[in-house]
Amino acid sequence: MKEILKFLRDLSCNNNKEWFNANKDRYQKVLASWHAFCEELIAEIGKYDQDIAKLTIKDCTYRIYRDTRFSKDKTPYKTHFGVFLAPGGKKSMHAGYYFHVGTGGEDTYPAGHMLASGNYCYDSKVIKILREDISDGWEEFKGDVLDNADPAFHVDMDDALKRVPKEYPADAPYADFMRLKNYCLVMNVNDDFITAPDLVKRVAELFKTTKPFNDYINRAVDYVKEEGV
């Protein structure tokens with residue numbers, strides 16, 4: 001992982017086609033290492049989540065080339081690598097396990113390294129069901145789902161509504177979860193974590209603690225897909 005980190009840092013300082021083309025062989029070697037890591041992670045998580053064991057590299061990884069058509073930032077390449085392990089693949093709309101390696105040095109996306117469970121794009125019908133399920137069964141959700149996750153994970157509130165929807169009491173213990181539009185648990189990690197020799201096992205063990213969270217969300221996702229509500 002040290003070589004991947006070094007490449008991303010060099011790329012962030014030379015984010016142009018000339019540099020990238022001159023370092024294309026280096027990129028291919030780094031990409032092969034990243035894919036090898038992802039395959040090991042699929043296998044490790046697949047031991048406790050059978051839906052993940054079925055995934056291929058194409059199902060869960062992303063191109064390094066940025067889509068700059070609608071962005072003010074015209075740099076052509078991403079300066080991070082990410083892998084999203086979700087039932088049915090990255091485009092399935094299911095909650096899953098996302099591991100992200102950036103350039104480091106800060107916790108903010110995309111430079112920071114992180115683990116995340118959940119997803120950032122849900123159908124409004126899924127959000128409605130999750131709000132109803134959580135408010136009606138708060139004790140179960142807190143005890144069996146949230147408390148099971150490693151305490152280093154936190155709920156991502158970045159894109160939450162400023163106010164609790166009027167259908168729910170603003171002083172309820174679950175009020176913040178009614179504000180969410182994206183249901184995601186996040187853990188920020190540093191360079192030492194990223195470069196540890198047992199990285200695959202450490203990441204898989206941490207993600208295992210969030211499996212009940214993903215299962216809870218995917219129950220709503222599957223219901224909407226199957227019932228067409």
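Q: In strand β2, which residue is the bridge partner of G82?
A: The bridge partner of G82 in β2 is H100. This is a predicted model, in which local features need pLDDT of at least 70, side-chain atom pairs count only at pLDDT 80 or more, and totals for chains, interfaces and linings use all residues. Residues are numbered from 1 along each chain as its sequence is written, and side-chain values use heavy atoms, with hydrogens and water left out.

Q: What makes two strands count as a pair, and how many bridges link β1 and β2?
A: Strands of a sheet pair through backbone hydrogen bonds, either parallel or antiparallel. Two strands pair if DSSP finds at least two bridges between them. Helices (H or I, at least four residues) and strands (E, at least two) are DSSP runs, numbered from the N terminus. Here β1 and β2 (residues 96-101) are antiparallel and share five bridges. F81 has V101 as its bridge partner in β2, while F84 stands opposite Y98.

Q: What is the order of the strands in the sheet, and which strands stand at the edges?
A: The open sheet has five strands in the order β1-β2-β3-β5-β4, with antiparallel pairing. β1 and β4 (154-155) stand at the edges; each has a single partner strand, so one side of each lacks a neighbour in the sheet.

Q: How many bridges join β2 to β3, β3 to β5 and β4 to β5?
A: β2 is joined to β3 by five bridges, and Y97 stands opposite S117 in β3. β3 and β5 pair over six bridges, with H113 opposite V189 in β5. β4 and β5 are joined by two bridges, and the partner of V155 in β5 is L185.

Q: Are the residues of β1 buried or exposed?
A: Buried means under 20% relative accessible area, exposed over 50%, and partly exposed in between (1.4 Å probe, protein chains only). Five of the five residues of β1 (residues 81-85) are buried, so this strand is largely enclosed by the rest of the structure. F81, V83 and L85 point one way, G82 and F84 the other. Six of the six residues of β2 are buried, so β2 is likewise largely enclosed. In β5, five of the six residues are buried, so that strand too is largely enclosed.

Q: Which residues touch the most other members of the largest nonpolar core?
A: In soluble globular proteins, nonpolar side chains tend to be buried together. A nonpolar core is a set of buried Ala, Val, Leu, Ile, Met, Phe, Trp, Tyr and Cys residues joined through side-chain atoms within 4.5 Å. The largest one here has 68 residues, of which L41, L85, F99, L115 and Y183 touch the most other members. Helix α3 (residues 24-45) gives the most to this core, with nine residues. A second, separate core of seven residues includes M114, A116, C184 and V186.

Q: Which residues is L115 in contact with, leaving aside its neighbours within four places in sequence?
A: Contact means heavy atoms within 4.5 Å. The contacts of L115 include Y98, F99, F153, L185, M187, F193 and F207.

Q: What is the angle between α3 and β1, and which strands does α11 touch?
A: Axes are lines fitted to C-alpha atoms, for helices over the stretch in contact, and angles run from 0 to 180 degrees between N-to-C directions. α3 lies across β1 and β2, at about 25° to β1. α11 packs on the sheet and touches β2, β3 (113-118) and β5 (184-189), its direction making about 45° with that of β3.

Q: At what angle do the axes of α7 and α11 cross?
A: Angles under 35 degrees count as roughly parallel, over 145 as roughly antiparallel, 65 to 115 as roughly perpendicular and the rest as oblique. The axes of α7 (residues 138-146) and α11 (residues 211-227) cross at roughly 135° and come within 8 Å. The two helices are therefore oblique to each other. F141, D144, V145 and L146 of α7 meet P212, F213 and Y216 of α11.

Q: Where is the residue P110 found, and what bond joins Y109 and P110?
A: P110 is in the loop between β2 and β3. A cis peptide bond joins Y109 and P110, with omega about 5°.
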